[in-house]
Amino acid sequence: MSRLRHPTEDPVWAKAIILGLVGLFLVGVLILPMVTVFFEALRKGLPAALESIQNEDARAAIKLTLITAAITVPFNVVFGLCASWAIAKYEFPLKPFLITLIDLPFSVSPVVAGLIYVLVFGAQGWFGPWLLDHDIKIIFAIPGIVLATIFVTFPFVARELIPLMQEQGVDEEEAAVSMGASGLRTFWSVTAPNVRWGLLYGVLLCNARAMGEFGAVSVVSGHIRGLTNTMPLHVEILYNEYDFVGAFAVAGLLCFLAIVTLVLKALLELVQPQSRPGRH
Amino acid sequence: MTATVTSEIVAARRPLVRRRSAIPGFAVTMGVTLTILSLIVLIPLAAVALKASEQTFPEFLHAAFNERALTAYRLSFGAALIAAVINGVFGVLTAWALVRYQFPFKSLVNGIIDLPFALPTAVAGIALATLYAPNGWIGALFAPAGIKIAYTPLGVVIALTFIGLPFVVRTLEPVMRDLASDVEEAAASLGASRFDTILRVILPALGPAWLTGIALAFARAVGEYGSVIFIAGNMPYKSEIAPLLITIELEQYDYAGAATIAVVMLAVSFLMLFVINAIQAWARRLGQ
């Protein structure tokens, strides 16, 4: 075997050092934390862990998390479809500025995302007195949790669809319209099939973030056990009460959700390689 | 011919919607987009600025830059910067390994890089706190040397490194893949050592993407809350991050104070957006 290496290949010792460093780094920062979650959850055996995710408070938290995601994801799908249609299919001034505004929630700290709704709907906020008079609760109640979750997941679907629709142009849609198809018909039979994988990709990431959001939801939730606790908030309460098995059991469930998300994401990237990986 | 002339005249006049599109639905979709954007994002964000402006200017300055707030910014921005630099170093190595090397479980490693995007931050927080605590698997390795990681600013850096990890790797990967290996071959055939080739040919080509990744990781880390509060220790003047200070002031019903710190953080976020856009514009110019 030839000992000569190709000039664009790194020497073996360099490869070994780089792979070693990368391995150590990923084990310390990504892999061991995940192992910790399952190890701590099972510390007192499987029955104890299962009990912690089946008791009443845990069930209420799981239910609230599912409700939140079930409202947030369709809302962001509708917004994402409208925004990407308007941005990709027409020319208008200040387009890059509009895209920046849609991306804005990603640059805002989750805590600030929660705070803004407290300032608008809280007891001291703009609509606080009016809401109080009409006995409508938004902050420290489910509507606030949903609003804060919509804010932090706002750009996911739109930023996935905008580049995809821009890339596909308007020729097919114009052809459909010139043959007499209505706008909705054109969307359903021409545009939707073209963007479906990108849409699914956005939905997947949006859903993962909606179920896992902590900071924004923690500010608006009020932490009422069994009522306004989502799964991540339930994890926090159990952890702070030193119920580590309980905290890590619920965390394990969320970790499982993350793994499922990553697997589906990898599959979607196989189906549609242009879905750019690594967008949060 | 006539059509081109007409379209040139139309273009010269620069109307609001340059080419009347044949596709219907602009008014509806744009209307929905702007309405939702205003109701969910823009108006509530304006509430923060309005709340902060209810104070007199000296009050605002005190709320924004008192000693406790300053130490919180220092920790948030300092730790975010250190974490972004750590991710810059390990991110470039990880991306290089993923693009250039073959090794076992490569696709698994590739998939797990995105874990910080998918794992809820609170889960990451309690896992890292347990792992790096003095009696945790990794914390116990450092405890005999007197190094405490969890519940100190060092723990904050660890959590922010976790949260920013995918940004550098994922912005570098496509650029590395497009890197023409013939330039490397040319450098090598002209007698450059591998080290010289990396230093003078590869790294400069990666520069803009690398900086973008680091800036994105920094921007994400500055506002991070969930993964940090469990490992930070949260001692005032010591290990308290700026977002935590906002929640503390909210709990004390000091809405103006909370809004003030939020305004400072938003200002930094917008500055980061501007910087990231500038880096990307620079990268595009370099690429042409």
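**View 1. Helix α1 of chain A passes helix α13 of chain A in a left-handed crossing.** A crossing is called left-handed if the near helix is turned anticlockwise from the far one by less than a right angle, and right-handed if clockwise. Helices (H or I, at least four residues) and strands (E, at least two) are DSSP runs, numbered from the N terminus. This is a predicted model in which local features need pLDDT of at least 70 and side-chain atom pairs count only at pLDDT 80 or more, while totals for chains, interfaces and linings use all residues. Residues are numbered from 1 along each chain as its sequence is written, with chains lettered from A and ligands numbered from 1 in the order in which they are written.

**View 2. Here is how α1(A) and α13(A), residues 244-271, pack at about 130 degrees with axes 7 Å apart.** That angle makes α1(A) oblique to α13(A) (under 35 degrees is roughly parallel, over 145 roughly antiparallel, 65 to 115 roughly perpendicular and the rest oblique). Axes are lines fitted to C-alpha atoms, for helices over the stretch in contact, and angles run from 0 to 180 degrees between N-to-C directions. On the α1(A) side, look for A:Met34, A:Val37, A:Phe38, A:Glu40 and A:Ala41; their partners on α13(A) include A:Phe244, A:Phe248 and A:Cys255. Two residues are in contact if their C-beta atoms, placed from the backbone, lie within 7 Å. By class, this contact has ten nonpolar, one polar and one charged residues. Ala, Val, Leu, Ile, Met, Phe, Trp, Tyr, Cys and Pro count as nonpolar, Asp, Glu, Lys and Arg as charged, and the others, Gly among them, as polar.

**View 3. Helix α1 (residues 12-41) of chain A also meets helix α4 (residues 67-100) of chain B.** Their axes come within 9 Å and cross at roughly 115 degrees, and the crossing is left-handed.

**View 4. Now for the whole interface, where 79 residues of chain B are in contact with 78 residues of chain A.** On the chain B side, helix α2 (residues 26-52) gives the most, with 14 residues. That side has 56 nonpolar, 15 polar and eight charged residues.

**View 5. Chain B has 14 helices and zero strands.** Its C-alpha atoms fill a box of roughly 80 × 65 × 35 Å, taken along the principal axes.
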